Every structure is written in C-alpha cells, then in structure tokens.
Amino acid sequence: MESSLQQNEPFSHNVTRVVQLSDCHLGADQSFMLAGINTFHSFTQSLAEIEGNLKKPALIAVTGDIASAGDPQTYQLFSNAMSSSQLPYAWLPGNHDDFSLMKKSALQPFTRLVELGSWVAIFLVSAVPGEVYGEISDTELNELDELLAQYEDKNIVLFVHHPAAPIGCKWLDQQRIANSEQFGDLIAQHENVRALFSGHVHQENESMWRGLPVYSVPSTCFQFASGSDTFELSDLPPGYRWIDLHPDGRMETGVERINYDMGKMDHSCLGY
Ligand SMILES: [Fe+2]
C-alpha cells in the first residue's frame, strides 16, 4: 500500500488525491508558540507546500486538535487560513478541540461524509468532552452502520482523531479509542471499508488492525518520539499524508515532511 510520492509527479486524472493534515494546535493568534514552535507558521507552511508540490487535492482531511485550547478566535484563524489556500477541506474534532464551539465558530460546518467518485470519505467523532482518550459514541456508531450500508457499492475511507490500534507508544496507546473492539466489530460487518486514518499521535505509523490497514500522520507542528513509554518530543519536522484513491478500489498512501527548521524546539516541554 505504501509508496513514495514524486514531487509534481503527473498522475492519472482518474486518481483522486486526498491529503490528511492533523494536530495543528493553533492558538488564538498567529504568534502562538508551543514547545518552541509557532504552530500557525508550521500549519500555513504545510498548506503552502501542499499547494506548491502536489496536484490540487480533491480534499484536505483535517483530523482534529486544530486548536490547542478551543476558543472562537482559533477556529476563525483556522477558517481564514483554509479559505486563503482555496483548498477544499473537511474537519473533525480532537480532544483539544471544543466541538460545539467549533460548529459555531468555524466557517465551514462539520461534514459527515464527502463523496469522491467511487469512494466516500466518512468523518467520525472520537473526542470525548473533557477527556484525552477517545471513544466513539453509540449514536456515532449507529450512523456509521447506516452509512456503510447506504454506500455499500462505494469504497470507504474512515477518518477519526484517535487511533483504534496501538502504535507502540505506551502513553499514547492508553488514549486510543476505548471501545475499539465494538468499532472493529461494526466495520467487520461491512465489506466496503478500505482503510482508517487517524491523528492524535503526532507521528507516522501504519499497521493492520483486524484485517484493515490503519494509518497515523505526523502533526503539522511538533512530533512525538516513536516507541516512547512516556511523553517525549522528536526532532522530526511537520508532515502530512497523501492518499491516492483509484476508481477500482486500489489505494496508495505515504507521508511527506515539510521543510521546517526544528532548531528552536523546546525539549524541556513536559506536556502540551
Ligand atoms: Fe489529540
């Protein structure tokens, strides 16, 4: 499934390209810094590189933790940056977001699904108000069940903030979707789900979970060290995931890193 992306590569007009961005951790204004990183700058630099290096994606999927601490100004800042880029996008909330506030403050409403030819991207909510861990509510699962049946002839990609499967970081694996068994049982009842894409873990990962390819993506700001038992930052630069969807149900995906000086990252930061 994994392959590398050639910059500015010509690709078949039949291929639909989706780009996943995650964990932007924006503040209320453009000067906000976290762990020594200006998160607005690294986010807009990510957008600029996507626009500069890639054929225009059909969709940017922003998988949560858009805000470092949800407030209306942050969601306006995010909305304005996305509008300026003119990239088509959809978003879902993470544990650092305030979903109800986001629905009121973001320029673009929450979108449950985006149809992309023979593919459908479904956006799920795993953020639990006031909690760091993830969980998918019964309402959410019931709606997913109905949508998977309704679109049984389409290829489905799922986007959700928290991972369903462990990624090998003890502290982050404790925060994955708490009812992932129930979630996996539901997916197993349908044959059209091709992959699951998550954020939250600020690092690239891929594995097979209950027969389904599952992926995570670097953050658009600072990264967490892979294989760490407790909170630990990595010096890797921000990145994004490209996902190429073929009309026949095949999919390719990979991660690209942006050009970003991580020299000012604050390793004494003990949390976020
Ligand atoms: Fe998160």
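These are my notebook entries on a predicted model.

**Core**

I looked up the largest nonpolar core, which has 65 residues. Ala121, Leu124, Leu158 and Phe159 touch the most other members. I then listed the contacts of Ala121, leaving aside neighbours within four places in sequence. They are Val18, Leu59, Ala61, Leu113, Val114, Leu116, Val157 and Phe159.

**Helices H1 and H2**

I took helix H1, residues 39–53, together with helix H2, residues 72–85. Their axes lie 11 Å apart, and the packing angle is about 20°. Angles under 35 degrees count as roughly parallel, and H1 and H2 are therefore roughly parallel to each other. I noted the crossing of H1 past H2 as right-handed. On the H1 side, the contact is made by Phe40, Phe43, Thr44, Leu47 and Glu51. H2 supplies Leu77, Ala81 and Ser85. I sorted the contact residues by class and got 5 nonpolar, 2 polar and 1 charged.

**Phe78**

I next checked Phe78, which is in helix H2. Is Phe78 buried or exposed? Phe78 has 24 C-beta neighbours inside 10 Å and so counts as buried. Not counting residues up to four places away in sequence, Phe78 touches Leu26, Ile66 and Ala106. I also took the C-alpha separation of Phe78 and Ser46, which is 13 Å for residues 32 apart along the chain.

**Ile60**

I found Ile60 in strand E4, residues 59–63. The count for Ile60 is 20 C-beta neighbours inside 10 Å. A residue is buried if 20 or more other C-beta atoms lie within 10 Å of its own, so Ile60 counts as buried. Beyond residues up to four places away in sequence, Ile60 touches Val19, Leu21, Leu87, Pro88 and Tyr89. From Ile60 to Ser105 I have 45 residues in sequence and 19 Å in space, C-alpha to C-alpha.

**Positive phi**

I looked at two residues for backbone phi. Asp23 is not a glycine, yet its phi is positive, about 50°. Asp23 sits in the loop between strand E1 (16–21) and strand E2 (33–34). With 31 other C-beta atoms within 10 Å, Asp23 is buried.

His202 also has a positive phi of about 50° and is not a glycine. Where is His202 placed? I found His202 in the loop between strand E9 (193–198) and strand E10 (205–209). His202 is buried, as 28 other C-beta atoms lie within 10 Å.

Definitions and conventions. Residues numbered from 1 in each chain as written. Predicted model: local features only at pLDDT ≥ 70, side-chain atom pairs only at ≥ 80, totals over all residues. Core = buried A, V, L, I, M, F, W, Y, C linked by C-beta atoms within 7 Å. Buried ≥ 20, exposed ≤ 12 C-beta atoms within 10 Å, placed from the backbone. Contact = placed C-beta atoms within 7 Å. Axes fitted to C-alpha atoms, helices over the stretch in contact; angles between N-to-C directions. Helix = DSSP H or I, 4+ residues; strand = E, 2+ residues; numbered from the N terminus. Parallel < 35°, antiparallel > 145°, perpendicular 65-115°, else oblique. Left-handed = near helix turned anticlockwise from the far one by under 90°. Nonpolar A, V, L, I, M, F, W, Y, C, P; charged D, E, K, R; others polar.
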